[in-house]
Amino acid sequence: MSLLGDDGSARPDGSVDRPAVGNGAPRPPRQDGDPTPTIAIGASAGGLEALKRLLAALPAQAKLAFVVVQHLSPSHESLLTSALAAASPLEVVEVRDGMSLAAGRVHVIPPNTALVLEGDRLRLHRRDEAVRPPTPIDTFMRSLAAERKASAIGVVLSGTGSDGTQGLKAIRAAGGRTYAQEPSTAVHDGMPRSAIAADAVDVILPPEAIAADLAALAQGEPPPSEGEIAHGEENGAFRQILHLLKVRTGVDVSRYKPTTLRRRIARRMALVRAVGDDEYLRRLRQDPAQLQALHDDLFIHVTSFFRDPDVFAALGEHVFPALLERGTDVPIRLWVPGCSTGEESYSLAIATLELLEARGVGVPIQIFGSDISERAIRYARAAEYPSDIAEHVSEDRLKRFFEQTAKGYRIARSVRDTCVFVRHDLTADPPFSHVDLLSCRNVLIYFGAALQTHVVPTFHYALNEPGFLLLGRTETLSGFRELFTVIDPEHKIYARRPGAGLVRAVQPRAAETFERGLAQAAGPAARAAQDLPGALDLLLLSRYVPAAVLVNDALEIVQVRGKTGPYLEPAPGTASLSLMKMARDGLAADLIPLVERARAENVPVRKEGVRLDQGGKVSGVDLEVAPVSGSSLSGRHFVVVFRERPPSSQPARAPSEGGADEGSVASLREELAATKAYVGSVIERHAATNQALGESNQELQAANEELQSANEELETAQEELQSTNEELTTVNDELQARYQEVNELGNDLQNLVTSADIPIVIVDRERKVRRFTPGARTAFNLIPGDVGRAIAEIRPNVDAPELDRWIAEVIESTTVKEAEVRDGSGRWQRLQIRPYQTADRRIDGAVVSLVDIDALRAALMETRRARDFAAATLETVPVPVVVLDGALRVTSANAAFYQVFRSSPAATTGRALREVERGPWASADLARRLDQAMDTGAPFQDVELEYDLAEVGHRTVLLSGRAIPEASGGSRSLVLAIQDVTDRRRIEEERARARSEAAQRFLNEAGAAMLPESLDYHATLAALARLVVPRLADWCIVDLVEPDGAIRQAAAAHVDPAKERRARALRRRFRPEAQPERGVAWVIRTGKPVIFPEVNDLGWLAGALGAEHPELLRELGARSYVSVALRGRTGVIGAISLVRGSSDTRYGAEDLAVAEGLGQRAGLAIENARLYVSAREAVVARDDFLAIAAHELRTPLSTLNLQLQTLAAARGAELAEAVAAGKLERAIKQTRRLASLIDSLLEVSRITAGTLTLHGEESDLSEIVRDVVQRLGPAAEAAGCALTVRAEEPVKGLWDPLRLDQVVTNLLQNAIRYAPGVPIELSVEGDARHARLSVRDHGPGIPREWRARIFDRFEKRGGQSQEGLGLGLYIARQIVEAHGGAIRIESEPGEGTRFVIELPRERGGGRFA
Amino acid sequence: VNRRTVLLVEDDPDLREVIAEILSEDLFPVVQAAQGAEALEILRTSTELPGMILLDLMMPVMSGGQFRAVQREDPRLAAIPVVVMSAVTDGPVKAAALQPAAFLPKPADRDEVLAVVRRYCLPGGAV
């Protein structure tokens, strides 16, 4: 544990106070003599905004001096001053060297300078450019802290990096106040965060709040000066603060140096704006956090890595050799009490590890770090440190023993594993033991003398033999020469003296540890030997010596011998070793005067027969007190010996009762007197002691001040040294940077040369090889040893015998020399010799390089060849070619041109093309094409022209032209090739004619093929499909339009019989109608053909053909497609679709023509076939009709015949009149039947012939029904059918009454005939537009399958009639429909039948005459 | 006089009546049926089978053809001679398919009817 030092502070918990602004009572105004309160504001990236915010928020009358240190570009003029002046109510100036600080003014650092405060003046220095990154903020804040101590104020605003962190630390360490911008409000929070993380910040606020806080501060009380602190009274409140601390945190600081405590408390008070100790005390009592903050502040931890690096060297020199002598199997144990945040521990660990490694010994090490602050211990355990530790830790060590983290560095695990950290109060807790080295630097300085006296023996105890103690620079062990000897006075290294040292009975907890330590100490033999006399003494003392205690001057028991239990006992309350408190009842009164006497007379004194009452048992004891003094004892000590008196020698005053009372009173009086005397002497002695203490305290204070000033001087010296060191470091860094640059340059050159792979040889003025590239080795036959040899001695691998002379010329003339040479393998190289020019333009040799130009030369040759080839080709080809220039003048023409056009160069070259005779050159089309090609560069192809030439006649040519892009500087030219296609055209025409004839033949053939089968149109279609495949298609399908408009596949054929079935089954779910705009459906709808020479999208084709899957088409093969309509006389009756799949031929116009011809013929064939079919059907129907008519006629004819024959047979016999009459009647009936049948047949015949006409007149359907019922009533009655008629209301309309009568008669007759014996109901009803007649019977009903056809000709109920032609319903339907009405049937088997006719009441659509 | 019964199956009531009259005058017992199903019913319910069946072809409910098919399948009835009479134009062809004992075209003569009946319903008349 350590307290605040003057070199900085670190508080690991990052706790921050946020005091309310302006809460203080009115303060006395600042005195004029005080230095102006100065606030250093550091900012970097993003700082301008924060600065403006802060300065703008300040009151104009603020009596504060601000110094703004901003990272500025070194090379640009700063606009910061003007920018801030605009924002701030205060005066803003740029700092000039030597300028005084002024209150109410903002001083801005100029660019490229380092600013420091010296006294009251600002000094500018050249910025140390070697320091990277520059830390002007740290620099200024450090100077501010040094100058202003506790009145220094530092503010860190937005910025990247960590500049300012160290500066704030310095200010805080000096007792000043530090601010950081709230990171969340900063544009760049790197600097504030760094400072906060380093625990260098008191207050974290946004810029405006910082301004407000500063303003409040300016009006407040100044912090106490050093003098005030040093001479501050230790008033009651101060002691109570310490007491509060002890009670609440368990830390007793009462024996710490009060000055330090006072300073820390004053700082805290300033921070929380507490006026006076009392107020602060009150706050501490109310707010535990305040108390904790004070606690943390008291134990601010000041430490760094490798503090005083030479100390570590000294340790390696003096300490470790001795430790290693003990052998390497015992671990080396180090203890760092007051280890703070662990830097010292880790430094020691690293130093030790390095040392052990250097010596090559593998001794395990254990390092214990202990500190009173739990926070510090946690920080130490975390082992993570900010990046600025690099200031103290060498790069090597950082690499080896640290790990880089996001925030800084972390101690490597190997080092961490050696260190253990525990919370431990050096002044109160038992020490570690068996420690080899104890490093306790800058801890004791904070302890008062008494505490030091206590702690140093603890160190002695903790250490092994040999064991070493390391103290801080300013600490000494002058008072403990018997315990430690000095080994290195400069570095404060001490060795433990052998011996038991002082027994630390003062500390009960420590005593236990000590006893344990003794028991363990039995191990090493050397140690046992040393302790042998002591052990003997202990034995003797415990067995033979009477109970005795050694007490110090304050009568505290230091040592105990023998059994003191009967005389001493622990007193209730706080544990105490005070003899007075521990003495049993009755003894104290006797002991105190005895001790006083012994102290006063300095001789052993004795009192015998002291009465001791132990739980009723009264015994006597002899007391003896002897003063003891020895070199090892500090202060006076006394031995108090208790001797028990034998019971026999008990005085004989017990028996008498009255005597006993009197004796008691006397004895008590005696005791009282003794006590009075003792108290008096104690008071007297205390007064004396106090006086002595006061004096010595003053002396010590004076000494302390002297030491402090000496220390400051030393620090100044150290700073000087440090700055010198920094300068040196800077120079070194600069040199290093230069070296780095040179190195980089070298690397660049090396890489440049290597990557260029160009052989380069550099020779000096004497033409000796100075340097060459790897490529030059083979090219110049160089080996590394050739450096320094004259180039003339080298036999280069290129054919350059004059090389040496050339180089000489180049050096002489400083001109460049180039030559093309061949190397050993015959490749062409360009040798280039250039003068070697130094930076100061001196010629210092030459640079010889070789560039491989073989490929270049080869390319050149290649180009020439290509040109010649092109020219030769042009001349050789039989195609006339003419080259035109930009103005379309003929540049050249080839031999074929002159030959074809019977022309000559003289008549051609140089002329404008259109003026060239003999040829189609005057064509306007050609001129247009040529212009276009010349303008756009787009070629044209096969422009057909015709011309007549006297010698050769009419010719047709195709012209193709292509512009040649202009060469550099030249204009565009154009090549025109002429192809005579006269002969080809003739052949093509002939071929076309042949094809057309073939197509015609094919069509004729097709017509013929379809003819024989034309009576069956399905056969016709099959024949058509067969005919088409494979001659016109790989596969085809034929579709026909059904009467209802549906498109149905009627035939299909495929060149591969195996696939034909699939072609037939092309459609399962889909129909061409689904795609009315493409393919079959479109063809059928529009009658126009569809042709797709190249089908790319099978999906499209699938839709066009109504096929289910494109996949199916792939199987069938589909590349080219044409579909044409099948045309009949009346229009499109279908379509034939042709598809080529596998072959390479595509459908063209000719194929389309053939297909259309085919469609025409096939359509007619199909129509013919259909007509034939319907004609034949008509014939069949007529035959059927005749057969049925014959049958129907024959039945009554049979009856008539048989009847008449019966009559005839009975001619000779007597025949009863009645019998004969009956037979005749029946015969006549048959003739009636015959006549009726013939009427019906005629009717049907009329209907079929379409000659049925209606004679419409106003008629009443009800009346008609009633008439029919009346007429057929008897027949119904005869058949047992009860008629029910509902036809009362007249239902009138414009109908043919005779025809309707016929209909009703038919229906009623039908019902009577098929449902005899059951009732029949007739009803008539009508609404505004329709009249309705219903005839219902209750007969067997009509099965569904018959119902559909029941109104057809020759169909009868039940399939076969009992009577009649089955024409009745047919005729009824024809009549109803002729009226524009409808007839329907409702029937279920077993449920009867109902016929319903519906007639429009107006004449609409009827076939009236 | 030992004349056997004739089963007359004819749907036209006038014709059926006149044939029955002719046969009755010649003293043949006649049982009438209006169609095949009715005839089968009569055959299956009567203990004495008719000497022959005079069968029309075109009848409702059960045609002559259907009747003949059932009758030929029935071992009890199969042996009864069936004479088909029909007014159908191609009657002989259609009748031949039924393998009748004889065929009578319509319009028939009284003597033809009687001759056929006598052949099968007079003792010794059977061929």
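Which residue follows H27(A), and is its phi positive or negative? In this predicted model, H27(A) is followed by A:Gly937, which has a positive phi, near 80°. The helix itself spans residues 924–936 of chain A and comprises 13 residues. From its first C-alpha to its last it reaches 18 Å, close to the 18 Å expected at 1.5 Å a residue. At the start of H27(A), the backbone nitrogen of A:Asp925 has a side-chain oxygen of A:Ser923 within 3.2 Å.

The buried residues in H27(A) include A:Leu926, A:Leu930, A:Ala933 and A:Met934. These residues lie on the same side of H27(A) because they cover an arc of only 95° around the axis. In an α-helix there are 3.6 residues a turn, so residues three or four places apart point the same way.

Turning to the interface, 22 residues of chain A are in contact with 24 residues of chain B. The two chains bury about 2100 Å² between them, and 51% of this area is on carbon and sulfur atoms. Between chain A and chain B, 11 residue pairs are in polar contact, counting residues with both at pLDDT 80 or more. Seven salt bridges are found across the interface of chain A and chain B. One of the salt bridges joins A:Arg1233 to B:Asp14, with the closest N and O atoms 3.5 Å apart. On the side of chain A that touches chain B, the elements that give two or more residues are helix H34 (1149–1209) and helix H35 (1217–1249). H34(A) gives the most to this side, with 14 residues.

Conventions. Residues are numbered from 1 along each chain as its sequence is written. Chains are lettered from A and ligands numbered from 1 in the order in which they are written. This is a predicted model: local features need pLDDT of at least 70, side-chain atom pairs count only at pLDDT 80 or more; totals for chains, interfaces and linings use all residues. Side-chain values use heavy atoms; hydrogens and water are left out. Helices (H or I, at least four residues) and strands (E, at least two) are DSSP runs, numbered from the N terminus. The expected span of a helix is 1.5 Å times one less than its number of residues. Buried means under 20% relative accessible area, exposed over 50%, partly exposed in between (1.4 Å probe, protein chains only). The arc is that of the directions from the helix axis to the C-beta atoms. A polar contact is a pair of N or O atoms within 3.5 Å; within protein, one must be able to donate a hydrogen and the other to accept it, and residues adjacent in sequence count only if both atoms are side-chain atoms. Contact means heavy atoms within 4.5 Å. Buried area is the accessible area (1.4 Å probe) that two parts lose on being put together, summed over both. A salt bridge is a side-chain nitrogen of Lys or Arg within 4 Å of a carboxyl oxygen of Asp or Glu.
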